[in-house]
Amino acid sequence: MPVTELKFYQTGTFTIGNRLLGEEDRAGQSAANRANSLNCGHRACQGCGEALGARYAIDAAIRASKGQLVVANATGCLEVFSTPYPESSWQIAWMHSLFGNAAAVATGIAAAMKVKGRNDVRVLAQGGDGGTTDIGFACLSGMFERNDDVLYVCYDNEGYMNTGVQRSSATPPAARTATTPAMGVEPGNRFGQGKSIPLIAMAHQIPFVATASVANLRDLEDKIERATLMRGARYVHVHVPCPLGWGSEPSDTIKVARLAVETGLFPLFEAEFGALSGHTAIRRRVPVEDYLRLQKRFAHLFRPVVDVARIAHIQAIADHNIERFDLLN
Amino acid sequence: MQKPFATTLDPGSSLTNHTGTWRTERPVYVDRLPPCNNACAAGENIQGWLYDAEGGDYRRAWGTLVVENPMPAIMGRICYHPCESSCNRGQLDTAVNIHAVERFLGDEAIRQGWAFEAAPSNGEHVLIIGSGPSGLSAAYHLRRLGHRVTLCEAQPALGGMMRYAIPKYRLPRNILDAEIDRIVAMGVHIRLNTRIDDPVSEMKQSGCDAVYLAVGAQLAQRAYIPAGDAKRILDALSLLRAMEGDEPPRLGRRVLVYGGGNTALDAARTAKRLGATEAIVVYRRTREVMPAHDSEVREAEDEGVQFRWLSTIKKEEGTTFTVEKMKLDEKGFPQPTGELETIDADALVLALGQNVDLEFLKDIEGLGIEKGSVVVDSQMMTGSPGVFAGGDMVPSERSATTSIGHGKKAARHIDGWLRGKAWAPPARHPLASFDRLNTWYYSDAPKSVQPVLDEARRLSTFDEVSSGLDPSTALFEARRCLSCGNCFECDNCYGVCPDNAVIKLGAGSRFKFNYEYCKGCGLCAAECPCGAIEMIQEQA
Amino acid sequence: MLRQIEGSRAVAESVALCRPEVICAYPITPQTHIVEGLGEMVKSGQLKGCDFINVESEFAALSVAIGSSAAGARSYTATASQGLLYMAEAVYNASGLGLPIVMTIGNRAIGAPINIWNDHSDSMSMRDAGWLQLHAETNQEAADLHIQAFKLAEELSLPVMVCMDGFILTHAYERVDVPTQQQVDAFLPPFAPRQVLDPAAPLSIGAMVGPEAFMEVRYLDHQKQSQALELIPELSREFRDAFGRDSGGLLRGYRATDADTLVVAMGSVNGTIQETVDQLRAEGMKIGSVSLCSYRPFPAEALRRALGCASEIVVVEKCVAVGMGGILSMEIRNALSGLPLTVSTVVAGLGGRAITQKALRAVFQRAQFGQLQPLTFLGLNENVVSRELERQRDRRHSGPPAENILRDLRSPVCP
């Protein structure tokens with residue numbers, strides 16, 4: 001007699017762990033002995049997506065590299081909240097040099113490891129979107145182009161948050177920042193600007209490029225772990241909401257990130273040697289309005305009147321992503 | 001190595017920075033009352049035994065289940081499972097198939113021969129009158145509490161309505177017997193074929209200290225129908241009771257059943273199995289307001305039972321029954337239209353409800369009767385000290401499940417009364433409502449389809465209509481439970497805290513917050529799938 | 001081994017003998033031949049255990065070196081002029097982090113106007129960046145200073161710039177004694193970093209430091225540079241004992257002990273100055289010179305001892321603090337304050353302008369008689385300048401004066 005096939009556990013794979021799952025089926029973050037590479041006592045704001053994303057990513061890299069990891073960090077929130085004298089939150093070999101040179105510093109570290117025969121050590125560079133897409137872009141591109149043995153992780157919170165929420169080339173259209181105020185005929189950030197570093201990274205034909213989100217931990221860990229074990233230049237772009245800069249509730253950080261994925265505004269995909277090799281399908285598609293409404297940086301799209309045209313424009317961007325990356329399948 | 005001053009720092013040294021001082025709200029772990037538990041008239045800890053079943057430990061799950069209800073194999077079959085109607089998962093996809101898992105656990109217990117622990121006899125002696133679900137439940141719980149129990153039953157076998165009113169195709173008798181035997185095996189003294197006419201005297205004579213009245217409602221309600229041949233008219237209870245005898249009643253080819261409750265459907269479906277080519281349920285209102293459960297109606301329809309809505313039976317002349325069309329008034333009450341029709345039928349089964357036989361209670365001093373039911377206080381005690389009553393005798397919804405709940409509740413109050421220390425039920429947690437869940441984290445898992453016997457086989461025999469889950473489907477079904485309001489150790493809070501301020505205590509021990517570092521962002525509460533974390537204001 | 005080779009090649013070979021482990025290369029004239037030479041040596045296998053990285057900018061070059069040095073690798077790069085400015089942020093960072101990187105500066109002017117020829121504006125612009133700055137007088141010294149520089153840098157955990165005049169030294173073929181590998185190995189031990197990025201012993205390098213400790217960090221940097229004032233002469237002596245020649249040190253006097261007039265300068269111009277001194281000495285003038293090798297740390301005490309007995313000090317410097325005057329001379333004035341002597345500034349050789357003995361001689365003679373202006377631009381074309389100034393007085397003009405001057409120089413009405 002036909003019985004519906006047993007497909008899912010109680011919580012499927014969407015929770016971080018589950019007492020019913022074997023250790024190997026849980027997210028790395030569920031482990032009681034996880035690295036906590038970014039320790040308690042850091043000074044990130046409440047509900048900081050970047051703090052969360054960084055711990056997720058670095059813990060995953062630590063796991064994959066069996067602890068043999070060195071990290072170079074660009075200037076930015078992550079650096080400032082983690083290492084103000086006299087306390088560091090990092091429990092790993094970590095270095096901060098400048099805002100725009102994390103990729104190059106990592107290249108140097110990787111070179112040193114190479115000449116010293118430390119093939120076991122993996123080198124990771126990390127920075128925010130400002131340090132990656134703008135000021136650090138030349139070094140990043142150089143590192144890519146040379147195929148240096150570095151995994152670069154960008155925590156994209158779509159603006160210069162450390163300096164007080166200014167526009168970066170990762171700021172989305174319509175978003176209000178301190179330098180794109182919500183006034184005038186085109187309030188907020190202009191449409192038709194900005195760049196996609198993941199796509200630019202792909203153009204360098206590097207071994208691995210991926211996007212990830214703090215809302216999808218398993219996907220993020222999988223990508224970081226695989227990327228950590230590859231050789232050559234690798235890039236993972238992690239979407240990390242900033243409650244302060246986005247004007248979202250600290251408790252909504254993961255929800256907002258999830259909606260960015262589910263609307264199609266932040267597509268999750270990966271590429272090898274310049275060619276798309278996979279994507280993470282949208283599970284429950286929602287209109288962009290659901291995402292925008294949670295964030296004060298988009299408040300001008302809804303008050304005093306609903307800006308139907310601009311919301312439709314943003315929806316069109318989401319729809320384009322969905323089509324381009326085949327996100328519904 | 002002399003590290004440079006200030007620019008190089010020791011790893012992890014930020015532990016000295018206690019960010020907990022930033023907090024204006026703090027998360028706390030809470031336990032909430034799952035809606036299934038809330039809805040269960042037998043007071044089962046449904047989520048609790050599903051939790052055990054999720055791990056595949058059916059023995060443990062059964063153990064948890066029978067703390068509240070000793071008859072899961074029966075309940076899994078005959079309960080109309082209000083737990084499933086209130087199940088939060090119903091708002092997500094479909095409710096967890098709770099009754100099927102319950103039945104699986106009950107059947108598994110029978111298969112494996114799991115027995116109740118022998119209880120010490122350190123208490124008093126209690127007389128129970130009536131061995132239906134309420135009496136059996138009370139007997140079981142009183143034995144667990146250490147009391148001696150004498151159970152009197154007027155009929156030649158235990159089980160009450162479960163045996164004499166529920167057809168075999170819904171409750172196979174081997175299952176019924178197995179669960180009753182397990183209760184009896186706890187050391188319950190049984191007196192069959194014993195009708196008690198004076199409960200208080202009997203209590204004193206048999207040296208008992210309290211009595212629990214649980215005789216049910218067994219008098220079929222009659223309706224006045226002018227009849228030419230009264231032998232064509234019988235009541236549903238008699239029909240169903242006769243099914244337990246050696247000679248099945250003969251009803252004929254065309255049978256009318258008058259009434260709209262579950263008993264009416266049982267009668268109609270029984271009639272079909274007895275060979276009627278047509279079984280027609282005549283009901284004065286509409287399907288929407290019919291008291292019978294929808295699943296019963298559907299199964300009856302599947303088996304070819306017909307319905308005549310908005311109809312009353314006016315008279316019988318031989319095989320001709322006159323039916324009057326009704327219409328609903330503005331308040332939804334049926335009103336006669338004067339429009340008459342006739343239907344030919346070989347028999348009419350009346351299923352118009354049951355009344356309590358109050359005759360044997362007349363000599364009990366202080367025992368109050370109201371609207372045909374026995375009055376009891378909040379402790380299930382009648383106006384006569386030491387005389388308790390429950391089940392269909394007292395005002396409440398009449399169902400086996402409610403009766404089992406009454407039996408348990410009465411047993412606990414009897415115990416408290418006997419020991420001179422009133423039993424106080426534990427405080428109830430606030431309800432775990434759907435809006436508190438973060439359903440993103442639950443997979444979309446359809447209810448596993450209970451395999452059903454094919455139509456042909458169903459109609460020709462009294463074999464059970466629904467078959468049970470197998471271990472894998474039972475496990476799957478149990479794992480569809482959302483664990484509303486109670487931590488199930490999914491690790492989300494532990495994982496999503498940006499400040500590592502959640503401490504994982506290990507399997508079965510859940511988590512605790514590290515308030516030294518928790519900044520009170522609330523991510524843990526927002527991302528808890530089951531709503532087991534609450535944010536509360538910090539006090540200055 | 002004595003060889004006739006280009007200065008850049010001598011430096012490349014010298015650096016290679018120091019067994020660098022990471023070399024970052026970005027082309028900029030006039031240092032390019034050095035990294036080209038090193039790249040060739042790495043590629044050919046002559047220099048083993050070294051990663052040679054072609055980076056995308058000077059900023060990246062030094063940043064890569066910062067990373068490799070922090071990870072415990074002996075790291076080297078070279079740059080000049082605009083390149084040094086482009087990496088300026090990283091220059092400060094390397095010293096702030098105490099990373100013993102050695103970087104050659106092929107000294108060159110800074111634009112605009114763009115100019116590829118030698119002066120000291122580039123390294124001077126980084127004088128406060130916390131690096132040690134050593135100036136080579138000859139190609140032999142340039143080669144030798146690199147060997148000392150690695151040792152100095154690694155003993156102090158501070159980066160060192162070895163400055164050599166662009167073209168004048170970098171592109172000049174001279175006889176250079178290139179030491180053997182054994183000699184260099186005996187002098188320069190393997191790099192033992194003060195701190196290192198090691199997963200087995202994690203550290204957080206590069207913390208943010210606020211007002212509560214920043215001052216102390218800088219004070220300690222200053223103290224460390226002061227230690228270098230003792231270490232530099234020590235290493236120079238040690239070098240002489242090992243290699244048999246004088247190179248480096250804080251400063252070197254030339255016929256200075258009994259001089260009334262002393263000329264101070266950095267780098268290759270000292271050769272011309274010494275020849276001029278010889279001429280003037282032959283004519284009876286009591287003149288000598290001091291070649292300043294260590295500009296950072298600034299050897300104030302040593303300068304006071306070396307210059308204190310003279311009455312006229314002429315500082316010949318290849319840079320100018322526009323709007324203020326001489327840089328080196330100001331610092332020397334400060335070092336000599338309270339002594340009964342005059343310090344004059346001669347800004348010379350900007351943008352590669354030739355410094356001739358004739359011009360120097362005239363200046364020194366004027367100094368001898370106390371006739372030298374406090375600030376002289378050596379060999380300045382007064383005509384061109386006055387015409388341009390006149391034109392500017394006539395009408396306010398925004399735009400590059402260089403165009404006008406070029407026109408004037410070509411114009412027949414101009415002398």
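Guide: Buried area is the accessible area, with a 1.4 Å probe, that two parts lose on being put together, summed over both. Keep that in mind here; the model is predicted.

Visitor: How much area is buried between chain C and chain A?

Guide: The size of an interface is often given as the accessible area lost when the parts come together. For chain C and chain A, that area is about 2,800 Å². Carbon and sulfur atoms give 64% of it.

Visitor: How many residues of each chain are in contact?

Guide: Chain C puts 38 residues in contact with 39 residues of chain A.

Visitor: What about charge pairs: how many salt bridges are there between chain C and chain A?

Guide: The count is 3. One of these joins the side chains of Asp51(C) and Lys114(A), at 3.1 Å from N to O.

Visitor: Which elements of chain C give two or more residues to the side that touches chain A?

Guide: Strand 3 (51–54), helix 3 (58–70), helix 5 (88–96) and strand 9 (204–205). Helix 3 of chain C has the largest share, 8 residues.

Visitor: And by class, what makes up that side of chain C?

Guide: There are 23 nonpolar, 9 polar and 6 charged residues.

Visitor: Strand 9 of chain C pairs with a strand of chain A; is the sense parallel or antiparallel?

Guide: Parallel. The partner is strand 2 (residues 93–96) of chain A, and the pairing runs over 2 bridges.

Definitions and conventions
Residues numbered from 1 in each chain as written. Chains lettered and ligands numbered in written order. Predicted model: local features only at pLDDT ≥ 70, side-chain atom pairs only at ≥ 80, totals over all residues. Heavy atoms only, no water. Contact = heavy atoms within 4.5 Å. Salt bridge = Lys/Arg side-chain N within 4 Å of Asp/Glu carboxyl O. Helix = DSSP H or I, 4+ residues; strand = E, 2+ residues; numbered from the N terminus. Nonpolar A, V, L, I, M, F, W, Y, C, P; charged D, E, K, R; others polar. Pairing = 2+ DSSP bridges.
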